[in-house]
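Biologist: Hello! I am new to reading protein models. Could you show me how to look at a few features, starting with the surface?

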Amino acid sequence: MTLKENLKKWLSEHGFPLEMEAASHFRSAGFDVRQGSVVLDEQEGKSREIDILAEDPDVYGSVEISCVIECKSSKAHPWVVFVADDVLSNYRNINAFCLSSPHAKEAMAKAFRAGGDMKELLPRGAACGYAFKQALGSTDHAYSASVSVLKACSVISSSVRDTPNAKHLKFAFPIIVVDAPLFECSRSDSGELVLREVQVSEFLYTAYVPEFAGCCIKVVKIGALASVAEEYKITANILRNLFEADALFSAL
């Protein structure tokens, strides 16, 4: 095997092709993409690398929308999202939607009460995932991926640049991209485990990073990421229409 062949094999084994493909889908959807971006981990006082930071282009600088993507390549070990019918029954849909700055949360609440597009964006019903695991291996990378992507979203959404004359709205969406099979696991009425292979799932995740934070994390099989990236672009456009040009934003 030549040096170049060895190098390609090493790159593939360390997940770089997955990250590059994921980044390309968000670029194609119209996001500004940065790979290897960093945020400050306040708990440990050091920077943490984000695999992919995809930001919706912001002309005016008043509404900032980010997708924070963690890529996990492990074709031999499938991933499992555990789901139940009542996960979101006592959790505010606005909080489950994404991590957001205080003024963004306030704006969403006003838009939700007014009906229309904001209600359409938010999770519907109470069914959702409540845990995420990697199966059939000695190490479960699901926990580290979940904490990493939630922590990055928390930092991004909380770093607000308000001025006396302007209030900035920040929205950060956590996403985990995988290349191994993805399953949802539930319990039937008779008590049996039910496994269903899916391309996209999500689970509610909360943690202290260092302050309490929580929202739904999307898990996407790489083959479905192109359409998911397009969906996030549609979401970004709706948020901009609501809070950049609408009187609701200027009234905050």
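Modeller: Happy to! Keep in mind that this is a predicted model. Let's start with helix 1, which gives the most to a nonpolar patch, with three residues.

Biologist: Which residues form the nonpolar patch on the surface?

Modeller: Leu 7, Trp 10, Leu 11, Phe 16 and Met 20 form the patch, and together they have about 470 Å² of accessible area. Helix 1 (3-13) and helix 2 (16-28) are the elements that give two or more residues to it.

Biologist: Is Leu 7 buried, exposed or partly exposed?

Modeller: Leu 7, which lies in helix 1, has a relative accessible area of 46%, so it counts as partly exposed. The label "exposed" needs over 50%.

Biologist: Now the rings, please. How is a pair of aromatic rings described?

Modeller: By the distance of the centres and the angle of the planes. This structure holds 10 aromatic pairs. In one of them, the ring centres of Phe 97 and Phe 173 are 5.1 Å apart and the planes stand at 90 degrees, so this pair is edge-to-face.

Biologist: Where in the chain do Phe 97 and Phe 173 lie?

Modeller: Phe 97 is in helix 3 (residues 93-97) and Phe 173 in strand 7 (residues 169-178); they are 76 residues apart, and the pair links distant parts of the chain. Both Phe 97 and Phe 173 are buried.

Biologist: Which residues form one aromatic cluster?

Modeller: Trp 79, Phe 132, Phe 203 and Tyr 205 do.

Biologist: And what sits over the ring of Phe 112?

Modeller: The charged end of Lys 119, at 5.1 Å from the ring centre. Likewise, Lys 233 lies over the face of Phe 31, 5.7 Å from the centre of that ring.

Technical notes. Residues numbered from 1 in each chain as written. Predicted model: local features only at pLDDT ≥ 70, side-chain atom pairs only at ≥ 80, totals over all residues. Heavy atoms only, no water. Patch = residues over 30% accessible without salt bridge, like charges linked within 9 Å, V, L, I, M, F, W, Y side chains within 5 Å. Areas by Shrake-Rupley, 256 points an atom, 1.4 Å probe, with all protein chains shown as cover. Salt bridge = Lys/Arg side-chain N within 4 Å of Asp/Glu carboxyl O. Helix = DSSP H or I, 4+ residues; strand = E, 2+ residues; numbered from the N terminus. Buried < 20%, exposed > 50% of the residue type's maximum accessible area, 1.4 Å probe, protein only. Phe/Tyr/Trp six-rings, centres within 6.5 Å; stacked < 30°, edge-to-face > 60°. Lys NZ or Arg CZ within 6 Å of the ring centre and 35° of its normal.
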